[in-house]
Amino acid sequence: QELDFEAKTSYTLRIEAANMHVDPRFLSLGPFSDMTTVKIIVEDVDEPPVFTSRLYSMVVSEAAKVGTIIGTVAAHDPDASNSPVRYSIDRNTDLERYFNIDANSGVITTAKSLDRETNAVHNITVLAMESQNPAQVGRGYVAITILDINDNAPEFAMEYETTVCENAQPGQVIQKISAIDKDDPPNGHQFYFSLTAEAANNHNFTLQDNKDNTATILTRRNGFRRQEQSVFYLPIFIVDSGSPSLSSTNTLTIRVCDCDADGIAQTCNAEAYILPAGLSTGALIAILACVLTLLVLVLLIVTMRRRKKEPLIFDEERDIRENIVRYDDEGGGEEDTEAFDMAALRNLNIIRDTKTRRDVTPEIQFLSRPTFKSIPDNVIFREFIWERLKEADVDPCAPPYDSLQTYAFEGNGSVAESLSSLDSISSNSDQNYDYLSDWGPRFKRLADMYGTGPDCLYS
């Protein structure tokens, strides 16, 4: 068993050791047992404080003010040193901090207002620790019961959906109501029902208290009509039996409905009666169809007008840019002269009429074309290409995208004209080729062959 130094500090034990199996031949030699004394000393250790009770039960009213004393707990140090004890509440068991405790005396008080309907019993843990050794902590448990007071007024037990038939008779029961109260009085609930003073003299409905915490709603007249009034609001006054008693006013909503022969509500919708007398559902559908048709026609007219205003150039550009045309034609090579005029490309002196675009004013007007006979070939080529580019820029029939144009241009004839000796056959006079020496080193070989001089050879 557990030892307690504070209860007993030492124990004295007398122990006997005996031989369980003795040979009869040696019995005369004496007893075969021995005895000794053992003394056990209990050492003192530091123990945590101990509460006078493992569970404290306390009671407090939910109407108690802040600072009200609920009860006291007590703990002591069981060691010989009897160290003073300090108290605190384990806040994990009192998260809302409803209670406080005095660190020295152990008195528990309320720290905030209590509500039995929220929490009827609070179970908290009180900690007691030694002043000299705070590591030694004892735990005590406190159960605090909250006493109820009448602080909640009665109310309807549920949300009622009450209906009355158009053909209801006077005195007909249309609803039975009951009430609830969050309070828990010792003698149970007792509710009293009545109509408010404003509704007591109404000619539509009345209330009957059944004296069993229920009440019955009855009609006072017949001939309810939805087109006249589709909803009635009946204020009902409910009082409890608490001390002091509390009361509340609850409103019962009653809808007028069309019922069958058994009094079962079929429809309570009053919207149909709001429409004009001679307007049926079919007429409304026809009107809506006409309106939709007119809207469609208006949209079509607007769309057609917008299409007419679009420029034709836009369609042409769209066709040019967006349509892909494939021509599986390889062509006839150099002998194919039907696609373009080769002579026009080779002849620089052909004067073409410049086509002026109507929508573009050219910056440079070509009034006259230069003659390329006495101009070097590289200048002729550059001027030829430049002229063709200018004509393409101002050509209204030119495509609106980059294109590849091939010019098969060979240039004009040589300024020295023909050097062939074939023409000399038809001539009786000798030709003079002295000018060959003036043409430079490239024509030196010809100058030596055809030039004049004593050492020249003629062929």
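Val 66 is in contact (heavy atoms within 4.5 Å) with Thr 110, Ala 111, Lys 112 and Ser 113, leaving aside its neighbours within four places in sequence. The C-alpha atoms of Val 66 and Thr 110 are separated by 5.3 Å, although the two residues are 44 residues apart along the chain. This is a predicted model, where local features need pLDDT of at least 70, side-chain atom pairs count only at pLDDT 80 or more, and totals for chains, interfaces and linings use all residues. Residues are numbered from 1 along each chain as its sequence is written, and side-chain values use heavy atoms, with hydrogens and water left out.

- Val 66 sits in the loop between strand S4 (55-61) and strand S5 (69-72). Strands (E, at least two residues) and helices (H or I, at least four) are DSSP runs, numbered from the N terminus.
- Val 66 counts as exposed because its relative accessibility is 55%. Buried means under 20% relative accessible area, exposed over 50%, and partly exposed in between (1.4 Å probe, protein chains only).
- Thr 109 belongs to strand S9 (residues 107-110). Thr 109 counts as buried because its relative accessibility is 18%.
- Not counting residues up to four places away in sequence, Thr 109 touches Gly 67, Thr 68, Ile 69, Ile 70, Tyr 98, Phe 99 and Asn 100.

**Nonpolar cores**

- A nonpolar core is a set of buried Ala, Val, Leu, Ile, Met, Phe, Trp, Tyr and Cys residues joined through side-chain atoms within 4.5 Å.
- The largest such core has 23 residues. Ile 177, Phe 193, Phe 205, Ile 217 and Ile 236 touch the most other members.
- At least two residues of this core come from each of S14 (173-180), S15 (192-195), S16 (205-209), S17 (214-219), S18 (231-239) and S19 (247-259). S18 gives the largest share, four residues.

**Strand pairing**

- Four strands form an open sheet in the order S12-S14-S17-S16, with antiparallel pairing. Two strands pair if DSSP finds at least two bridges between them.
- The edge strands are S12 (155-156) and S16, and each pairs on one side only.
- S16 and S17 pair over five bridges in the antiparallel sense. Gln 208 has Thr 216 in S17 as its bridge partner.

**Backbone details**

- Ser 243 and Pro 244 are joined by a cis peptide bond, with omega about -5°. Pro 244 is in the loop between S18 and S19.
- Asn 213 has a positive phi, near 65°, in a residue other than glycine. Asn 213 is in the loop between S16 and S17.

**Aromatic rings and charges**

- The whole structure holds eight aromatic pairs. Rings of Phe, Tyr and Trp (its six-membered ring) pair if their centres lie within 6.5 Å; planes under 30 degrees apart count as stacked, over 60 as edge-to-face and the rest as tilted.
- Phe 205 and Phe 224 are stacked, 5.5 Å centre to centre with 10° between the planes. Phe 205 is in strand S16 and Phe 224 in the loop between S17 and S18, 19 residues apart. Both Phe 205 and Phe 224 are buried.
- Trp 439 and Phe 443 have ring centres 4.7 Å apart and planes at 80°, so this pair is edge-to-face.
- The charged end of Arg 221 sits over the ring of Phe 224, 4.3 Å from its centre. A charge sits over a ring if NZ of Lys or CZ of Arg is within 6 Å of the ring centre and within 35 degrees of the ring normal.
- The charged end of Lys 112 sits over the ring of Tyr 98, 5.2 Å from its centre.
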